[in-house]
Amino acid sequence: MKAFSNKLHAKTFIVIGDLMVDAYDMGTVSRISPEAPIPVLDFKNRICVPGGAANVAMNLVGLGNQVELVGLIGDDATGQWLKDYLNKHGVGTKGILSSASRPTTNKVRFATIQQSMLRVDYEDSRPVEDSLTNEMTAYIEQYLQSNQVNGVLVSDYNKGLITYENKSNPFISLFKKIVKLPLLCGADTKKSGTDLSIFSQFDFIKPNLLELEKAVNMKISLTNTLQLACQKFLETSQAKTVLVTLCAEGLYHFNGVLGIHVPTVTANVCDVTGAGDTVFAVVMQSLLNGLSWVDSMRLANMAASVIIESQGTKAISIPELYRRVELIENTQPNYFIS
């Protein structure tokens with residue numbers, strides 16, 4: 001496996017999707033409010049990190065890739081912080097536009113070191129104006145013509161950027177074009193039902209188990225109905241394959257004929273936030289470097305095991321991934337036996 005992991009050479013990606021900031025207002029709790037039976041958080045500091053599609057981009061950059069990010073922020077301090085942070089860490093931001101009519105999506109969590117107490121979401125999920133989406137898709141087409149791009153990742157949190165209801169949404173026609181190019185196309189989406197058809201002919205779509213259940217409108221048993229659910233998902237979306245994140249149970253890939261389950265590795269779970277973004281990034285880069293689906297899923301599981309051991313959203317790096325591979329080789333050698 002070490003030989004495989006050392007094959008993760010740099011690639012060029014476009015990441016398209018909903019940009020977010022994950023903020024954590026940290027403090028301590030030592031008393032209950034006299035106004036209501038609720039704890040009082042004595043604020044100590046705020047931690048901000050990129051979320052959503054921005055976190056996918058950060059994971060890809062952490063793995064040594066060139067990344068161009070396309071999405072929307074608000075004309076506000078949160079959006080400016082995000083763009084500055086991404087620039088500082090090597091993410092291309094020329095495809096990020098701002099809007100004065102909506103805020104940057106900002107998820108603020110109030111927490112102590114031990115636990116989260118409350119999350120407040122500041123967002124506007126109405127469809128983004130055609131003038132902005134037209135500018136974004138035009139930029140993507142220009143970037144594809146000017147650069148040797150290896151993969152396109154769509155991180156769709158249903159925040160209004162990529163909408164199926166609006167048949168004039170330029171992303172619909174853009175996706176029909178890019179799936180015909182020699183690129184690896186993946187989507188991580190919260191869409192369900194016929195809306196999934198916007199990702200027709202993508203190489204894979206990555207729902208989690210709950211999203212898969214919603215998409216196919218059925219309760220799923222990992223031992224009995226998972227493959228059937230995936231079959232229905234592919235029939236609806238017309239994607240080529242589906243990759244399901246199963247949380248503690250690992251990953252499952254189905255190509256329409258064969259299903260492969262790769263269990264997770266042992267980890268000290270602290271916070272699963274952002275682990276799906278890491279899985280998405282690692283799988284994309286692994287496949288583009290010639291790894292099989294099984295080995296790509298193994299690497300993704302190991303990367304996710306690093307992420308979930310930290311509190312809050314975090315991006316993986318090549319050194320962290322290689323250290324975890326070495327640890328698993330030494331402590332769980334049977335994990336690499338097919």
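A salt bridge is a side-chain nitrogen of Lys or Arg within 4 Å of a carboxyl oxygen of Asp or Glu. I am working from a predicted model.

**Entry 1: the count.** I looked up how many salt bridges the structure holds. The total is 15.

**Entry 2: D188 and K206.** I checked the side chains of D188 and K206 and found them joined in a salt bridge, at 3.2 Å from N to O. This pair links distant parts of the chain, 18 residues apart. D188 lies in strand β9, residues 184-189. K206 sits in the loop between β10 (204-205) and α6 (209-216). Are the two residues buried or exposed? Both D188 and K206 are buried.

**Entry 3: E211 and K190.** Next I turned to helix α6, where E211 is found. The E211 side chain meets that of K190 in a salt bridge, with 2.7 Å from N to O. K190 is in the loop between β9 and β10. Here too the pair links distant parts of the chain, 21 residues apart. I then looked up accessibility. E211 has 14% relative accessibility, so I list E211 as buried; the cut-off is under 20%. K190 has a relative accessible area of 35% and is therefore partly exposed.

**Entry 4: K314 and E320.** My last pair was K314 and E320. Their side chains meet in a salt bridge, and the N to O distance is 2.7 Å. E320 is buried, because its relative accessible area is 18%.

Methods:
Residues are numbered from 1 along each chain as its sequence is written. This is a predicted model: local features need pLDDT of at least 70, side-chain atom pairs count only at pLDDT 80 or more; totals for chains, interfaces and linings use all residues. Side-chain values use heavy atoms; hydrogens and water are left out. Helices (H or I, at least four residues) and strands (E, at least two) are DSSP runs, numbered from the N terminus. Buried means under 20% relative accessible area, exposed over 50%, partly exposed in between (1.4 Å probe, protein chains only).
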